[in-house]
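Good morning, colleagues. Please look at the sequence and the model on the screen, and I shall take you through some of the geometry.

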Amino acid sequence: MTSSSSSELHALNTISVVAIVPAAGVGARMQANCPKQYLPIASKTILQTTIDRLLSHGQIQQVVCAVSDGDGYYADQACAQDDRVTRISGGAERADSVLNALTATIEHLGAEKASQTWVLVHDAARPCVTSKAIDDLLSFCQQQGHGAILAAPVRDTMKRSNDGTNVAKTEPRDGLWHALTPQCFPLLELHRALSDALAQGVAITDEASAIEWAGGRVGLVADSMTNLKITHPQDLALAELILSSQEQTS
């Protein structure tokens with residue numbers, strides 16, 4: 001193991017992990033009368049449930065939530081009064097919101113502590129993430145000394161379409177994974193990669209894509225598709241069933 005890897009492993013074992021939640025989107029595909037992160041699920045909103053899940057993990061003591069400046073709902077959430085949650089201004093796109101959160105975290109921590117800090121970036125609309133999945137992700141990063149993402153192997157036959165109506169060809173699914181969240185990387189590495197990629201006009205779809213573009217290593221940690229992202233109206237009912245099942249087995 002290299003000395004730099006040893007340093008990274010030591011950092012993960014001795015510091016708190018900061019979670020970042022980009023929550024500035026509107027979720028138009030949900031066809032709701034409010035941003036999807038504020039839709040009710042069980043007795044809370046999706047966003048509150050997600051943040052509660054993160055804060056219930058022993059290594060996460062701080063959450064940075066990127067919210068639109070014009071958001072009229074966040075102030076009514078319990079997390080808005082929680083000292084462990086910091087609200088910062090979101091950006092036009094997810095990547096902009098994450099970069100804003102990374103920058104604010106570095107400014108808050110200072111250069112020395114930021115160099116020892118890792119971040120977990122998690123979708124606001126994934127309220128079903130489990131502590132075990134986060135454990136597995138952090139353990140992988142500790143053992144391997146580099147960042148990683150939660151992911152699920154593709155199981156279905158994959159079809160490619162050129163017009164959105166007809167099948168052009170079948171794509172082999174071997175080696176394909178669904179990228180999930182959280183995605184875990186050293187704070188400064190992710191900030192540098194994301195900042196440089198956006199400055200050069202690179203299309204960034206998730207944090208891993210920024211690290212990949214910068215030439216960094218991204219590990220895959222297997223998780224279940226029950227860690228779903230609520231995107232369409234039918235996803236809300238499915239997420240409620242998953243949460244109920246998780247509560248019954250916990």
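In this predicted model, the axes of helix α3, residues 94–109, and helix α6, residues 187–199, come within 10 Å of each other and cross at roughly 135°. Axes here are lines fitted to C-alpha atoms, for helices over the stretch in contact, and angles run from 0 to 180 degrees between N-to-C directions. Helices (H or I, at least four residues) and strands (E, at least two) are DSSP runs, numbered from the N terminus. Angles under 35 degrees count as roughly parallel, over 145 as roughly antiparallel, 65 to 115 as roughly perpendicular and the rest as oblique; α3 and α6 are therefore oblique to each other.

The crossing of α3 past α6 is left-handed, a term used if the near helix is turned anticlockwise from the far one by less than a right angle, with right-handed used if clockwise. Which residues in α3 and α6 meet? On the α3 side they are Ala95, Asp96, Val98, Leu99, Leu102, Thr103, Thr105, Ile106 and Leu109, and on the α6 side Leu187, Leu188, Leu190, His191, Leu194, Ser195 and Leu198. Contact means heavy atoms within 4.5 Å. By class, this contact has eleven nonpolar, four polar and one charged residues. Ala, Val, Leu, Ile, Met, Phe, Trp, Tyr, Cys and Pro count as nonpolar, Asp, Glu, Lys and Arg as charged, and the others, Gly among them, as polar.

A word on conventions. Residues are numbered from 1 along each chain as its sequence is written, and side-chain values use heavy atoms, with hydrogens and water left out. Local features need pLDDT of at least 70 and side-chain atom pairs count only at pLDDT 80 or more, whereas totals for chains, interfaces and linings use all residues.

Among the buried ones are Gln48, Thr49, Thr50 and Arg53. Leu47, also in α2, has a relative accessible area of 0% and is therefore buried. Leaving aside its neighbours within four places in sequence, Leu47 is in contact with Val21, Ala23, Gln37, Tyr38, Cys65, Tyr74 and Ala124.

Now the cysteines. How many disulfides does the structure hold? There are zero, a disulfide being a pair of cysteine sulfur atoms within 2.5 Å. For Cys79, the nearest cysteine sulfur is that of Cys65, 6.0 Å away; Cys79 has a relative accessible area of 1%, so it is buried.

Finally, two backbone features. Most residues other than glycine have a negative phi, and most peptide bonds are trans. Ala42, in the loop between β2 (40–41) and β3 (44–45), has a positive phi near 60°. Is Ala42 buried or exposed? Its relative accessible area is 65%, so Ala42 is exposed. The peptide bond from Thr181 to Pro182 is cis, with omega near 10°, and Pro182 lies in strand β10, residues 177–186. Pro233 belongs to helix α8, residues 233–249, and at 42% relative accessibility it counts as partly exposed.

Definitions and conventions:
Buried means under 20% relative accessible area, exposed over 50%, partly exposed in between (1.4 Å probe, protein chains only).
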